[in-house]
Amino acid sequence: MSAMTLVSTVTVGAGGAANIEWTNIPQTGKDLLILTSLRGTSGANARILPNNNSSNHTWLRLFGTGSSTGRSGPNANASNLQDIPNNPTSTANTFSNNSIYISNYTAAAAKSMLVDSVQENNATAAFQVISAITWNNTAAITSLVLQLDSNNFVQNSSASLYIIS
Amino acid sequence: MADTTPMKIIVDLSKPEGERESIVPLTKEEIRQRELDIANFKAEQEAREAEEAAKEALKVSARQKLVAGEPLTPEEAALLVL
Amino acid sequence: MTMAYTFISRTTVSSNTATVTLDNLTQTFRDLVIVVDGTLSEAASASIRFNNRTDLQLPYINVQTNGNSTQIVLSDNSSLIVGGDLVQFNTNRFMIQVNIFDYTQTDKHKSVLSRFSSGQNGLGMTAGRFPATTAVTRLDFQSWMFAPGTTFTVWGVSA
């Protein structure tokens, strides 16, 4: 039985996109994995919203900036992917690499998410981040919105959704 | 003038491959909510940064007082003593 | 295309349980991935014992934050510690991902990488080593205690 099935890959086209959304996610798996390559037209903050719901998110992160380390949180807002996409000041044609793992996405329980991320840049400043997110909602996840906080993901940003059984 | 309405890509997984993806503009309500969320987050971040700055200022003051042999306030002592 | 990630087993706890044992692990893969998702009945850390060995000390480094402070622990123990003093899992939902590399190999020690996430309670990661050249055939996940509904899912990764 295939345990890790690619469901969809989205590649942003020439106009850019503020959101990448998956709807009607099959409820046949156990976990979800989203692998992304992202760059924004402004800033580097984004969010992952199960069922397009921006409520009941809490998150915490550890990060390195290239010249220092830190932590932030716990936070209780939906901007739960801080310093994840490459920002527009990073080296041209570079994108961040990110992994978002969502466990037990169909369960009638709160959802845990684990984020692993690294920005790319030919300079000192590049964030490496691990984040823990809880979406305190017992609904099964049937859709996902990946959204930049402001403006767009640039062309050639991509996101792949896998269902893990 | 170029249309700067933000767009979103929707992938409807109930549809067959090749028919799933559509690109549509964000609604006014979605744009309004994004702007509200951004404003709320910025306010939260500013408050957090102010708190960190205040803590750092207390630490600096505490270190200076230690060196000068002056008494620390309870807040300064709490920051230095583990 | 051959899928390299193969489902092996899923165990769901039905009552408060202190130890979940995965025994007689299939030896047909190269690496193992285990995901634990659930809650505890009260605040505690978690650990993993390999092959029911209590005679070996597993070296590990553990980085964790609870939002107020960050801790790095460099130590060894007869079990691999996941979470710890600073980040305790509790009745809030948590997730632990464990990657055990080369678990069937008999010519090397086994590297283990783990990440754990407990929403606003904390997060962290552990890198450790099972210092034995014997294949890993059994894993004991220990805590106090895994609450009903907590799942342990195992996948094998082919070389």
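The legends below describe several views of a predicted model.

**View 1. How the chains meet in the predicted model.** There are 2 pairs of chains in contact, and of these chains A and C share the most contacts. Chain B and chain C, by contrast, do not touch, and their nearest C-alpha atoms lie 11 Å apart.

**View 2. Chain A as a chain of strands.** Chain A holds 12 strands and 0 helices, so its radius of gyration of 15 Å, which is close to the 15 Å that the globule rule gives for 165 residues, describes a chain as compact as a globular protein of that length. Along the principal axes, the C-alpha trace of chain A spans about 45 × 35 × 30 Å. When contacts in chain A between residues at least 6 apart in sequence are considered, 78% of them join residues at least 24 apart.

**View 3. Strand β10 of chain A and its two partners.** Strand β10 of chain A covers residues 128-135, and because 7 of its 8 residues are buried, this strand is largely enclosed by the rest of the structure. Strand β5 of chain A, made of residues 57-64, runs antiparallel to β10(A) and is joined to it by 8 bridges. Within this pairing, R61(A) has S131(A) in β10(A) as its bridge partner. Strand β9 of chain A, made of residues 111-118, is likewise antiparallel to β10(A), with 8 bridges joining the two. Here S117(A) stands opposite V129(A) in β10(A).

**View 4. The surface and charges of chain A.** Of the 165 residues of chain A, 63% count as buried, which here means under 20% relative accessible area. The chain exposes about 5400 Å², and carbon and sulfur atoms supply 47% of that area. Chain A carries 6 positive and 6 negative side chains, and the centres of these two sets lie 6 Å apart.

**View 5. Chain C, seen through its strands.** Chain C has 12 strands and 0 helices. The radius of gyration of chain C is 15 Å, close to the 15 Å given by the globule rule for 159 residues, so this chain is as compact as a globular protein of that length. Taken along the principal axes, the C-alpha atoms of chain C fill a box of roughly 40 × 35 × 35 Å. Among contacts in chain C between residues at least 6 apart in sequence, 73% join residues at least 24 apart.

**View 6. The surface and charges of chain C.** Of the 159 residues of chain C, 55% count as buried. Chain C exposes about 6400 Å², of which carbon and sulfur atoms supply 48%. The mean positions of its 10 positive and 10 negative charges are 5 Å apart.

Definitions and conventions
Residues are numbered from 1 along each chain as its sequence is written. Chains are lettered from A and ligands numbered from 1 in the order in which they are written. This is a predicted model: local features need pLDDT of at least 70, side-chain atom pairs count only at pLDDT 80 or more; totals for chains, interfaces and linings use all residues. Side-chain values use heavy atoms; hydrogens and water are left out. Contact means heavy atoms within 4.5 Å. Helices (H or I, at least four residues) and strands (E, at least two) are DSSP runs, numbered from the N terminus. The radius of gyration is taken over C-alpha atoms; the globule rule is 2.2 Å times the number of residues to the power 0.38. Buried means under 20% relative accessible area, exposed over 50%, partly exposed in between (1.4 Å probe, protein chains only). Accessible areas come from the Shrake-Rupley method with a 1.4 Å probe; for residues, only the protein chains shown count as cover. Lys and Arg count as positive and Asp and Glu as negative; His and the chain ends are not counted. The place of a charge is taken as NZ of Lys, CZ of Arg, CG of Asp or CD of Glu. Two strands pair if DSSP finds at least two bridges between them.
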